[in-house]
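Subject: Structure for you to look at

Dear colleague,

Please find the structure below. My notes on it follow.

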Number of protein chains: 2
Amino acid sequence: MSTFVFPARTTSSEIELGTTLQPKFGPDGLIPCITTDHLTNEVLMFAFMNAESLALTLATGKASYWSRSRNKLWVKGEESGNAQLVKELRVDCDQDVILLKVDNVGGASCHNGYKSCFYRKLAPGATVANEASLKLEMVGRPLFDPAIVYKKK
Amino acid sequence: MSTFVFPARTTSSEIELGTTLQPKFGPDGLIPCITTDHLTNEVLMFAFMNAESLALTLATGKASYWSRSRNKLWVKGEESGNAQLVKELRVDCDQDVILLKVDNVGGASCHNGYKSCFYRKLAPGATVANEASLKLEMVGRPLFDPAIVYKKK
């Protein structure tokens, strides 16, 4: 997979309105990826892919990413069991963002045990006029205990 | 707004499981932002914010971003009329991604006139074994004509 080369970028018109997949990887070789629940559209997580992980995702049907913190290919769920089966892949207008619609086996996409990484929302009344008001409220509940699932050292 | 400073990053535990908004702006001063329809969860667009645009978003209730291509603050809809009224703001586990749930006035978030920037999906049968199979299919239809709305030069 490591040598897979996606179709080259062509014209702005073909990139934006055409029918050839021409993903744009940044100077760091990465493209942002938004992953959603294929049934509810809920945003589950946000991560990056390199060409290798995108090719592996297409080849296996399971979401793979590039972990910037661990600097390695990351097959989602390889440790936690919470794999993501890809039901649909989309690109945005300029093909520099990937959107995956997945069936999240196990139900949790976040390493903290939540279904979605976006388990907190800004509290009502938050205002930039008062820094102390910039509080978050929990809107998710954990589905697993990371300390057990990842067998912390 | 340009001098607004968000609460400083503290401990990993407080960032990931706490209740204080502590957004992480990258070395370029930007944080990724995923914008969704508040009623359907459909992903409308992906863009970046700097501290100024995030503060302006909170102060006005209208989504503002930082345009990397134009290198300027960008109040969504200022040209097209398709403003985004923020109904909810979320952060991800490590607070380095923003999620907005918005009411998209006018209905179109994409500069090409579509509701969502993600108006194309990978076609069935696409495989990395055959580059020619990596085709996109249109799944959206334009709601406005960009040539008219943006009065192209």
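In helix 2 of chain B (residues 51–60), the buried residues include S53(B), L54(B), L56(B), T57(B) and L58(B); buried here is 20 or more other C-beta atoms within 10 Å of the residue's own, exposed is 12 or fewer, partly exposed is in between, and C-beta atoms are placed from the backbone. Helices (H or I, at least four residues) and strands (E, at least two) are DSSP runs numbered from the N terminus. This is a predicted model, in which local features need pLDDT of at least 70 and side-chain atom pairs count only at pLDDT 80 or more, while totals for chains, interfaces and linings use all residues. Residues are numbered from 1 along each chain as its sequence is written, and chains are lettered from A and ligands numbered from 1 in the order in which they are written.

The cover over the buried residues of helix 2 of chain B includes strand 2 (43–49), strand 3 (64–67), strand 4 (72–75) and strand 5 (84–91) of chain B. After helix 2 of chain B comes G61(B), with a positive phi near 80°.

In strand 2 of chain B, 7 of 7 residues are buried. Strand 2 runs antiparallel to strand 1 (residues 31–37) of chain B, joined by 6 bridges; strands pair if DSSP finds at least two bridges between them. T36(B) has V43(B) as its bridge partner.

The contact between the chains takes 41 residues from chain B and 41 residues from chain A, contact being C-beta atoms, placed from the backbone, within 7 Å. Strand 5 of chain B gives the largest share of chain B's side, 4 residues.

Regards

Note on methods:
Two residues are in contact if their C-beta atoms, placed from the backbone, lie within 7 Å.
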